[in-house]
Amino acid sequence: MKNEKAVVVFSGGQDSTTCLFWAIKNFKEVATVTFDYGQRHSAEIECARKIAEELGVSFKVLDMTLINQLSANALTRDDIAVSDEEGQLPSTFVPGRNHLFLSFAAVYADAIGSRHLITGVSQTDFSGYPDCRDTFIRSLNVTLNLAMDKQFIIHTPLMWLDKAEVWELSDTLDAFEFVQKKTLTCYNGIPSTGCGHCPACQLRNDGLARYQAKKSAGTII
């Protein structure tokens, strides 16, 4: 992989930024692709842009506002509250988002001569989103290859990691402080540690606390 090019599906959040550092370490050339789907906070796109510029990788924004027209949820509507009730998909679930993002990322990757796609989905801490599961990713990989007659490889470096382990990976990649201070994960559009109350912040900050406790105890191998 060291001599090949990769495309990172990039949002500027903790997970995709950790994946970006992983890609920079493992590939000769890295490009990022970000999607404008009419999300609640345009700050997400600007955060992604700044990170890509700082790390010296290409940055591409694709217009996917059609998603906003089709799907009403907490990430595309200001009047829908962020909620996560047991037995139901979170209100932040955007139907078909990862399917569409990876499909368009594949078209973009083909256009720039890349066969490697990288996404930060995780089945371990996936908030119940069905399109973050390993079975979906493997199925889509086959579908993309058949649809485009290519040999794409979808890489999921975080698939089997919980949030504490994602923090550990960023530390291993010498990116811990960068990810901690410069990424935006919060559903309320607040960078770094965020609002501290939304589900995304709680997941991120709980993982950080667990990793820091583990590191302080000297139990990291």
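Which exposed residues does the face of α5 turned away from its buried side carry? Point 2 gives the reply.

1. Basis of the note. The model is predicted: local features need pLDDT of at least 70, side-chain atom pairs count only at pLDDT 80 or more, and totals for chains, interfaces and linings use all residues. Residues are numbered from 1 along each chain as its sequence is written, and side-chain values use heavy atoms, with hydrogens and water left out.

2. The two sides of helix α5. Leu146 and Ala147 are the exposed residues on the face of α5 turned away from its buried side. Here exposed means over 50% relative accessible area, buried under 20%, and partly exposed in between (1.4 Å probe, protein chains only). The buried residues of the helix are Asp134, Phe136, Ile137, Leu140, Asn141, Leu144 and Asn145. Because these buried residues fall within an arc of 165° when seen down the axis, they line one face of α5; the arc is that of the directions from the helix axis to the C-beta atoms. An α-helix has 3.6 residues a turn, so residues three or four places apart point the same way.

3. Dimensions and surroundings of α5. Helices (H or I, at least four residues) and strands (E, at least two) are DSSP runs, numbered from the N terminus. Helix α5 covers residues 134-148, and its 15 residues reach 21 Å from first C-alpha to last, close to the 21 Å expected at 1.5 Å a residue (1.5 Å times one less than the number of residues). Its buried residues are covered by elements including α4 (97-111), β4 (116-118) and β5 (153-155). Just after the helix, Asp149 takes a positive phi of about 55°.

4. The annotated cysteines. In an unreviewed entry, UniProt lists Cys186, Cys195, Cys198 and Cys201 for "binding site". These residues are spread over 16 residues of sequence, yet they cluster in space, with a largest C-alpha distance of 6.9 Å. UniProt positions follow the numbering used here, feature names are shortened, and annotations may be inferred rather than shown by experiment.

5. Cys186 and Cys195. Cys186 lies in the loop between α7 (176-182) and α8 (199-216), and Cys195 is placed in the loop between α7 and α8. Cys186 is buried at 4% relative accessibility; Cys195 is buried at 19%. Not counting residues up to four places away in sequence, Cys186 is in contact (heavy atoms within 4.5 Å) with Gly194, Cys195, Cys198 and Cys201.
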